[in-house]
Every structure is written in C-alpha cells, then in structure tokens.
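Please keep the sequence and the model open while reading.

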Amino acid sequence: MSQPTPAEYSPEERQTLLRIAHRSIEAAAAGQGFTPEAVSDHLQELRGAFTTIHLHGDLHGCVGYILASLPLYLTVADTAASAATRDPRFAPLTPREAADVKVEISVLSKPFSITPEEIEPGKHGLLVSDGRRRGLLLPQVAPEHGWDAEQFLTHTCLKARLPGDAWRHGARIEAFTAEIFGE
C-alpha cells in the first residue's frame with residue numbers, strides 16, 4: 001500500500017473552501033448569486049475540482065471540472081451551486097434543505113495516462129474516453145463500492161455510456177489523484 005500524500009491544503013484553507021461551498025449552495029437554492037470573498041494566493045491557483053453534496057446521509061449532487069478553467073475558490077463556488085441545483089439526477093435543493101447538507105470537496109491533479117495494471121483503487125480516480133464519450137469516477141468511489149481495478153474500469157466505461165469492456169478495446173484510460181476533504 002502506498003504512503004498517504006501530505007495534504008496540500010491547510011486546515012484553514014479547507015475551511016475557507018467549505019465555507020465558500022456552503023454559501024454558494026445556500027445562495028443557489030435561494031435563486032441568488034454569490035461572489036466569494038478574497039482568498040489566499042494558493043486558493044487562486046487554477047485547479048480542477050468536484051463538489052459532492054449529501055443530504056441526510058444520501059448523495060444529492062456531484063458536479064465538477066476535470067481540468068482547471070478557474071481559480072480553485074471560484075471552481076468550488078461554481079461546482080457547489082451546480083451540484084445543488086443543476087445535477088440532473090436530483091431535484092434542486094430547497095433553501096431549507098441547503099441548510100442541512102454536508103459537503104465534500106475533491107481537488108484534482110492533472111489527468112495522466114495509466115495502464116490497467118497500475119490502477120490503485122482508492123488512490124486513483126479514473127477517466128475513460130472513446131470518441132465523444134467520456135466517463136469519470138472519483139478516487140473514493142471504488143472503495144465505497146468494494147471494487148477492484150477491473151470493476152472500477154468497467155463502471156467508469158459504463159458511466160461514459162460505453163460497453164463495460166471498452167477499456168480492453170482501445171478506449172483511452174487516464175487517472176488522477178485528489179485531495180478529498182469535507183464534513
């Protein structure tokens with residue numbers, strides 16, 4: 001088993017990002033805009049990230065960007081609002097529900113090519129693509145479901161709406177790591 005990677009974000013930076021996520025969720029649920037406060041230079045770096053929302057212990061939204069297009073703190077604000085109101089799998093949160101959510105943030109590394117033999121469930125997230133179809137599962141998904149590397153690849157292909165064995169037949173496999181924190 002590999003050694004855990006030291007945390008890139010301090011406890012204070014993590015709290016700042018979680019506070020931004022909550023304020024963005026509450027504003028989005030109320031139909032309002034939200035502009036985060038000024039943050040440290042570190043939180044202004046371009047990074048991909050996902051925000052996952054749980055309501056009463058159940059998944060209620062997960063939206064993110066694989067590649068960085070905004071500073072991290074703005075990515076968190078945007079993905080939190082989107083997870084709260086625009087994840088097509090769930091009804092938009094109401095203002096009352098927004099006050100009860102728990103938030104998890106996954107800050108992503110840049111994707112890199114990987115072979116099936118190199119995949120470490122729990123360490124790597126996966127991105128499988130073939131043509132215009134692309135599926136992504138975060139690193140925490142495989143251990144949550146007890147999947148090994150092959151099962152993880154299969155489910156990532158299915159998420160891309162590809163055959164489960166597309167990874168054996170030329171689909172592109174990429175991995176990424178994530179610093180994951182939440183409540």
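Is Pro116 buried, partly exposed or exposed? The first point answers this, and the others move on to the sheet, the pocket, the salt bridges and the backbone.

1. The model is predicted. In it, Pro116 has a relative accessibility of 25% and therefore counts as partly exposed, since the buried class is kept for values under 20% and the exposed class for values over 50%. Pro116 sits in the loop that runs between β4 (112–113) and β5 (125–130).

2. The surroundings of Pro116 include residues from elsewhere in the sequence. When neighbours within four places in sequence are left aside, Pro116 is in contact with Ala149, Leu153, Trp167 and Ile173. One further distance can be checked in the viewer: the C-alpha atom of Pro116 is 10.0 Å from that of Ala175, and these two residues are 59 residues apart along the chain.

3. The strands on either side of that loop, β4 and β5, belong to an open sheet of four strands. The order across the sheet is β4-β7-β5-β6, and the pairing is antiparallel. β4 and β6 each have a single partner strand and stand at the edges, so one side of each is left without a neighbour in the sheet.

4. Which strand does β5 join through five bridges? The partner is β6, and the two run antiparallel. Within this pairing, Leu126 is found opposite Leu137 of β6. As background, the strands of a sheet pair through backbone hydrogen bonds, in either a parallel or an antiparallel way.

5. β6 also has a part in the largest pocket, where it supplies five residues, the largest share of the lining. The volume of this pocket is about 800 Å³. Two or more lining residues come from each of β1 (49–55), β2 (58–65), β6 (133–137) and α4 (141–145).

6. The lining of the largest pocket has 25 residues, and those nearest its centre are Phe50, Cys62, Arg89, Leu136 and Lys159. How many of the lining residues are nonpolar, polar and charged? The lining divides into 12 nonpolar, six polar and seven charged residues.

7. Eight salt bridges are found when the whole structure is searched. One of them brings together the side chains of Arg47 and Glu8, with an N to O distance of 2.9 Å. Arg47 is in the loop between α1 (11–29) and β1, while Glu8 is in the segment before α1, so this pair ties together parts that are 39 residues apart in sequence. Arg47 is buried at a relative accessible area of 16%, whereas Glu8 is partly exposed at 35%.

8. A further salt bridge pairs the side chains of Arg23 and Glu37, at 3.5 Å from N to O. Arg23 belongs to helix α1 and Glu37 to the loop between α1 and β1, so the pair ties together parts that are 14 residues apart in sequence. Both residues are partly exposed: Arg23 has a relative accessible area of 43%, and Glu37 has one of 28%.

9. Lys123 and Glu120 make another salt bridge, with their closest N and O atoms 3.9 Å apart. Lys123 is partly exposed, at a relative accessible area of 35%, and Glu120 is partly exposed at 32%.

10. Two residues deserve a look at the backbone. Most residues other than glycine have a negative phi. His56, which is not a glycine, has a positive phi of about 55 degrees. His56 is located in the loop between β1 and β2, and it is exposed, with a relative accessible area of 62%.

11. Arg161 is the other residue to check here: its phi is positive, about 60 degrees, although it is not a glycine. Where does Arg161 lie? Its place is in the loop between α5 (149–159) and β7 (172–176). With a relative accessible area of 70%, Arg161 is exposed.

Note on methods. Residues numbered from 1 in each chain as written. Predicted model: local features only at pLDDT ≥ 70, side-chain atom pairs only at ≥ 80, totals over all residues. Heavy atoms only, no water. Salt bridge = Lys/Arg side-chain N within 4 Å of Asp/Glu carboxyl O. Buried < 20%, exposed > 50% of the residue type's maximum accessible area, 1.4 Å probe, protein only. 1 Å grid on protein atoms, 1.4 Å probe; cavity = no way out; pocket = protein on both sides within 12 Å on 5 of 7 lines; lining within 4 Å. Points joined across faces, edges and corners; volume = space filled by probe spheres on them. Nonpolar A, V, L, I, M, F, W, Y, C, P; charged D, E, K, R; others polar. Contact = heavy atoms within 4.5 Å. Pairing = 2+ DSSP bridges.
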